[in-house]
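Q: I would like to go through this structure step by step. Could we begin with a single residue and then widen the view?

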Amino acid sequence: MFKQLIFCLFLFLLLQKNAFAQQKSIAVDSLMQRAILAAEQNNPQEALPHYSYTTYEKTIITDSLERETNAHSFFTEKVSKNEFDAYSGFKEEVLGLNMAGFKEPRYEVLGITLQSRSFYDEDFVIFNYRYAGPLSSRGLKNYDYQFVADTTILERPSYAVAFQPKRPQTIPGLEGILYLDQESLAIQRVHIAINDELVARIEQHYTYLEEEAVYLPKSSKLYIEKGETSKRLSLFRGKVSVGTIERNPVKEAIEGRYLLSTSYNANFNLSEDEEIEHPNLAVEVMEGAENKPESFWKKYRSQALTQRDLNSFDYLNNIVETQNIERRLAVINNFGIGYYTVDFFDFDLTYPVKYNNYEGLRLGLGGVTNASFSQKFRLEGYTAYGFKDKALKYGIGGGIMLNESHGAWLSLTYNDDLQEVGSFNYLTDRRVYSLFEPRLVNITQFFDYKTLRLNQEYQITPKILSEFQFAKSNIVQTQDYRFVLGDESYQEYDITEATFGVRWSPSSKFMRSEKGTVEIYDGYPKVTAQVSKGISGLFDGDFDFTRVGAKFYYQVERLNKSTTEFLIEGKMAFGEVPLTHLFHAYPNAPTKETIMQRFSVAGVNSFETMYFGEFFSDRIATLQVKHHLRPFNLGEKFKPEMVFITRYAIGDISNIARHQDVSFGTLDKGYTETGFEINKILFGFGTSLTYRYGAYSLPSFADNIAFKFTFNLQL
């Protein structure tokens, strides 16, 4: 009986303890729910219509944090004015920039987000890694909170609340302690620790503006260690991927094991009378920022530079000069957009080696002069030879800079080359660098053109790029085809065409410096539109027609590292439009008998089961959806990625009888294919399987299947 009483008492106490713990858990969750709801009043970006402050920031990369007599691997300091208003968001004006070792600052460093400005943000970014904000609307979904203690911050009562990610293996998150004002539940101080691909620590302090009852960040210290990953810790990082190339690839020039960045904010100004100049820019490096005297830096530094900081200048001057790092970084940056620089000439890497079914092996060489030749003029040209068609192709031209701040170039070029039948190229997307162009291998239908073009490029705003083109072309068929208009039949014809294109990137962020305007954050959506007008009678133009096209691309990146892409495109042509200027849906299936005979490389946005020449349209709409699963973590070097894909196209054509000596179908019933890719299985190679079904499915099951390899390489 006594043992039963003891057991019952123990069970009662255990249940009470669990109930108490559950109540505390409910209480802290309720507290955090209220803090998240109060963010609209506490977040300065919500509570204040306008504010600004100056920031002094010092960033180093070093191999050791303990030795005091040597130098850092990288040292930079900057002074900037940060401005915010409710309409434009944040803009940073870099007033001073001091980068040890470099004759000219490496402005790409300014495009890296070392850490976000606010823990209220939906995503908090550390060294370009994204995490859920602990006081964002997703906070309770992604974090477990635990009450730590009552305390006092800035002479105001405060709650200390610890938090950690709920599913760290699936969705990496921040871990640390939030200090919240007991009255308003606003952030007063933050301590963060991360043990992920990066090992990071953040300590952020705030100042309290009593009249506005709002906290603004006062100082921040960021420490990053390399962690258990093969990725290097460097400010000169980037990647190369086959199909497209993004940012600055290849090896990092200056690297170390630790990064330490400290920043101090001052000169807070809440006046609404101050307007933001050039609000479409996220970062603007002001004129003369890199040539500030020592008196300027002493004004903003919170403390004097250490001896180790001072040693870094001579040390890095020597390293940068002896290892020719500035030259190497210039080559790396140009390689990222598809050029290899030799003195005053940038060789275009899209020309050397290509292959397709009509030309066979195509070898070429070309490029354009760079700023070392002239900042006001440029000359360009290329030549290529196809070993199957045994024909020489070439292009030559030049341009003059009309307005540097808007990237306004006026260019005149002449080309004698081939173009795919039914292709529609957007002027503003013209510069696409690819190590390997997957779909080009399978194309069989080309036409020969000789074109004289006058182009005017103009960046209306950093987010709106435009281009106008006036072109006179002579078209010659490379296959049997006649375009019939009444009693006239054309195999060779002249086209005079005026084209205007525009691309809008509303969510991207841009930086302007003396080197020009560059995109530093690739935001979505991206909207591209273009209209062209064929003019008969002008410069012997044979046809009168209009072509219009637009596409919308959106990408959703999730914290669990899965991604969904949407591409919607519509095109329409009316008037006297020959086959060469109609539209296809980017087919990529070779016209061969068996699945294995059709085995080739999959494209990026092509219909893998649609055969070349099978469909042409004068009005067409396509939808493509790709869902990338979180990469499978099967080892440091082996992380394959599965992608599910669905594509749909619908279109039609008027006056099909005008197109003679060639047969093709319409897409008025709607074309559908679905499949998957498993990418990066070995050395960037993967595989894809796609199935064609619906109204245009073929009688033979095998003819509806496309089995191909993929190639997605990142360096």
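A: We may begin with aspartate 63, which counts as partly exposed because its relative accessibility is 48%. Please keep in mind that this is a predicted model.

Q: Where does aspartate 63 sit?

A: Aspartate 63 lies in the loop between strand 1 (50–62) and strand 2 (74–85). Its C-alpha atom is separated by 7.2 Å from that of serine 73, and the two residues are 10 residues apart along the chain.

Q: How many helices and strands are there in the chain?

A: The chain has seven helices and 40 strands.

Q: Where does helix 6 bend, and by how much?

A: The bend is at phenylalanine 313 and amounts to about 30°. Phenylalanine 313 is also one of the buried residues of helix 6, together with Arg308, Asp309, Ser312, Leu316, Ile319 and Val320.

Q: Changing topic: which residues touch the most other members of the largest nonpolar core?

A: They are Phe119, Ile126, Leu135 and Leu174, in a core of 61 residues. Helix 1 (residues 2–37) gives the largest share of this core, five residues. A second, separate core has 31 residues, including Val421, Phe543, Ile620 and Ala649.

Q: Which residues does isoleucine 126 touch?

A: Leaving aside residues up to four places away in sequence, its contacts include Leu114, Tyr131, Leu174, Ile194, Leu198 and Ile224.

Q: How much of the chain counts as buried?

A: Of its 715 residues, 49% count as buried. The chain exposes about 34,900 Å², of which carbon and sulfur atoms supply 55%.

Q: Last topic: in what order do the three strands of the open sheet lie?

A: The order is 26-25-37, with antiparallel pairing. Strand 26 (488–490) and strand 37 (659–660) are the edge strands, each pairing on one side only.

Q: How many bridges join strand 25 to strand 37?

A: Two bridges join strand 25 (residues 482–485) to strand 37. Arginine 482 stands opposite glutamine 660 in strand 37.

How values were computed:
Residues numbered from 1 in each chain as written. Predicted model: local features only at pLDDT ≥ 70, side-chain atom pairs only at ≥ 80, totals over all residues. Heavy atoms only, no water. Bend = angle between axes of the 7 residues up to and from the residue. Helix = DSSP H or I, 4+ residues; strand = E, 2+ residues; numbered from the N terminus. Buried < 20%, exposed > 50% of the residue type's maximum accessible area, 1.4 Å probe, protein only. Core = buried A, V, L, I, M, F, W, Y, C linked by side-chain atoms within 4.5 Å. Contact = heavy atoms within 4.5 Å. Areas by Shrake-Rupley, 256 points an atom, 1.4 Å probe, with all protein chains shown as cover. Pairing = 2+ DSSP bridges.
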